[in-house]
Amino acid sequence: MKSVFDIAVVGAGATGLAAALAFARAGFTTCLVGALDVHRDGRTVALLDGSVRFLRALEVWASIEADSAPMTAMRLIDDTDSLFRPPPATFHAAEIGLDAFGWNVENATLVERLAAAAAGAANLRLIPKRAANASFNEEVGRISLSDHSTVEARLVVAADGRNSLLREAGGIRTRRWTYPQSALVTLLTHERAHGDASTEFHTRHGPFTLVPLPGRRSSLVWVTSPAEAARLGALGNEDLAAAVERQAHSLLGKMQVEGPRAVVPMTGLSVERYFADRLALVGEAAHVFPPIGAQGLNLGFRDVASLYDAVVDARAAGEDIGHAITLRQYQRSRDLDVRLRTAAVDGLNRTLLAGVLSVDFLRGAGLIALSLIGPLRRVVMREGLQPSLGSPRLMRAEAP
Ligand SMILES: Cc1cc2nc3c(=O)[nH]c(=O)nc-3n(C[C@H](O)[C@H](O)[C@H](O)COP(=O)(O)OP(=O)(O)OC[C@H]3O[C@@H](n4cnc5c(N)ncnc54)[C@H](O)[C@@H]3O)c2cc1C
């Protein structure tokens with residue numbers, strides 16, 4: 001008789017690898033469908049405090065920490081030439097009792113280390129093939145693979161990214177939108193120390209952000225018009241470094257472009273629901289954010305940790321882990337968090353693009369209020385990292 005896995009995860013990106021590891025470690029028979037795809041594209045991810053706790057709970061953080069840089073402070077600088085330009089504001093992690101808001105690491109390094117942990121994990125079968133199709137019934141999810149073999153599981157976790165085939169097969173509708181912007185991303189070395197602070201300049205075309213990496217290195221996410229991003233992306237390394245230094249007002253001194261670069265269109269995606277029969281969506285299969293405010297993968301890890309809670313609780317109660325009751329519990333835990341963050345990222349970006357005095361005034365007043373009012377400052381800093389309501393168990397200080 002063909003064996004049925006408890007859980008089949010599809011997609012070997014950071015979210016899928018983390019999901020497969022978490023479920024396998026909890027004793028579920030798990031398979032991970034998808035080939036490893038580690039290409040260095042200059043993208044880094046700022047892993048916020050909850051994500052680091054989660055990676056600690058999965059016992060992979062120790063292999064990542066040395067290649068990441070802490071962000072102990074965040075500087076916001078209004079660079080819009082607005083009449084209501086507030087003074088720069090700096091937020092310190094120590095104000096909310098943390099060593100750092102988060103740690104910044106190359107996405108490819110993170111995926112590599114998760115994959116190394118997955119390769120040695122008990123209860124986890126790696127199937128380095130593409131899913132070609134999927135169907136779901138009351139008992140199981142069935143995935144057809146590129147070599148015409150099939151895999152069955154009581155619960156299928158779709159971690160197959162923004163163009164998710166599984167989401168499509170589950171009949172889950174999406175809403176997509178675009179911004180009139182692209183992001184240029186690359187890695188830089190610079191003359192002056194970043195002091196473990198990230199700096200975000202708010203320009204009329206979008207945020208220009210430098211995020212610390214170990215040593216005198218930073219990653220750049222420069223959100224601007226598509227034409228300007230294409231022009232910058234086509235410059236030679238020296239000219240690009242000079243353009244970055246100019247835009248950063250020489251804050252970190254002379255720059256050198258150190259790594260690969262990519263120009264990423266700014267898009268968003270949300271789903272009508274996070275589950276279908278025997279199917280749960282996590283990561284970019286469930287939500288796509290523009291690269292502003294370090295939300296995307298942090299939310300992806302929160303999806304996984306929340307799904308883990310729902311599934312582990314169902315097993316403890318003797319219930320079916322892939323049943324709609326379990327998956328509805330997962331949906332409830334994710335809906336508000338993702339909606340709020342989608343609105344916050346969207347709102348900040350649109351106020352920058354609006355160029356309207358009244359909107360500038362509100363943005364400026366908001367930043368001044370954040371700078372001056374201590375309790376508000378601390379609430380916003382904490383909420384920015386993790387929602388105060390119902391943090392999933394693997395992200396708590398005393399994670400199991
Ligand atoms: C410039 C930039 C900066 C960013 N900065 C941050 C940040 O600071 N903090 C943050 O939290 N997030 C950030 N993000 C977002 C973050 O990078 C993404 O949220 C995250 O990488 C998505 O991971 P994922 O595993 O969900 O999807 P993906 O990385 O897209 O992985 C999906 C995987 O599924 C596989 N797959 C697809 N189809 C199939 C199939 N049919 N069968 C098998 N496998 C399949 C793919 O090959 C891939 O390996 C940034 C994004 C960008 C573009």
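Glu-152 counts as buried because its relative accessibility is 11%. Buried means under 20% relative accessible area, exposed means over 50%, and partly exposed lies in between (1.4 Å probe, protein chains only). Glu-152 is found in strand 11, residues 150-158. Helices (H or I, at least four residues) and strands (E, at least two) are DSSP runs, numbered from the N terminus.

This is a predicted model, in which local features need pLDDT of at least 70 and side-chain atom pairs count only at pLDDT 80 or more, while totals for chains, interfaces and linings use all residues. Residues are numbered from 1 along each chain as its sequence is written, and side-chain values use heavy atoms, with hydrogens and water left out.

**Glu-152 and its partners**

The side chain of Glu-152 makes a polar contact with the side chain of Arg-142, at 2.5 Å. A polar contact is a pair of N or O atoms within 3.5 Å; within protein, one must be able to donate a hydrogen and the other to accept it, and residues adjacent in sequence count only if both atoms are side-chain atoms. Ile-7 lies 145 residues from Glu-152 along the chain, yet their C-alpha atoms are separated by 8.5 Å.

**The chain as a whole**

The chain holds 10 helices and 20 strands. Of its 400 residues, 54% are buried. Its accessible surface comes to about 17,200 Å², and carbon and sulfur atoms hold 54% of that. Accessible areas come from the Shrake-Rupley method with a 1.4 Å probe; for residues, only the protein chains shown count as cover. Among contacts with a separation of 6 or more, 74% link residues 24 or more positions apart. Contact means heavy atoms within 4.5 Å.

**The ligand site**

How many residues surround the ligand? There are 28, and the closest are Arg-43, Ala-46, Ala-131, Leu-297 and Asn-298. A residue is near a molecule or strand if one of its heavy atoms lies within 4 Å of it. The shell divides into 13 nonpolar, 11 polar and 4 charged residues. Here Ala, Val, Leu, Ile, Met, Phe, Trp, Tyr, Cys and Pro count as nonpolar, Asp, Glu, Lys and Arg as charged, and the others, Gly among them, as polar. Helix 1 (14-25), strand 3 (44-48) and helix 7 (296-316) each supply at least two shell residues.

| Residue | Protein atom | Distance |
|---|---|---|
| Thr-15 | polar side-chain atom | 2.9 Å |
| Glu-284 | polar backbone atom | 3.0 Å |
| Leu-297 | polar backbone atom | 2.7 Å |

On its own, the ligand has 1,000 Å² of accessible area, and the protein covers 86% of it.

Asp-309 is found in helix 7. Its relative accessibility is 11%, so Asp-309 counts as buried. The side chain of Asp-309 reaches the backbone nitrogen of Arg-393 at 3.0 Å. Not counting residues up to four places away in sequence, Asp-309 touches Pro-392 and Arg-393.

In helix 2 (residues 49-57), the buried residues include Asp-49, Val-52 and Phe-54. Glu-59 follows helix 2 and has a positive phi, near 65 degrees.

**Strand pairs**

Strand 5 (residues 73-78) and strand 6 run antiparallel, joined by 4 bridges. Two strands pair if DSSP finds at least two bridges between them. Met-74 has Phe-91 as its bridge partner in strand 6. Phe-91 also belongs, with Ala-89, to the covered face of strand 6 (residues 89-92). Thr-90 and His-92 form the uncovered face.

Strand 9 (residues 131-136) and strand 10 (residues 141-145) are antiparallel too, with 5 bridges. They form a hairpin with 4 residues between them. Phe-136 stands opposite Gly-141 in strand 10.

**Leu-210**

Leaving aside neighbours within four places in sequence, its contacts include Leu-188, Leu-220, Ala-248 and Met-255. Ala-248 is 38 residues from Leu-210 in sequence and 8.5 Å away, C-alpha to C-alpha.

**Positive phi in two loops**

Asn-123 is not a glycine, yet its phi is positive, about 65 degrees. Asn-123 lies in the loop between helix 3 (107-119) and strand 8 (124-127). At 39% relative accessibility, Asn-123 counts as partly exposed. His-148, in the loop between strand 10 and strand 11, has a positive phi near 75 degrees. His-148 is exposed because its relative accessible area is 75%.
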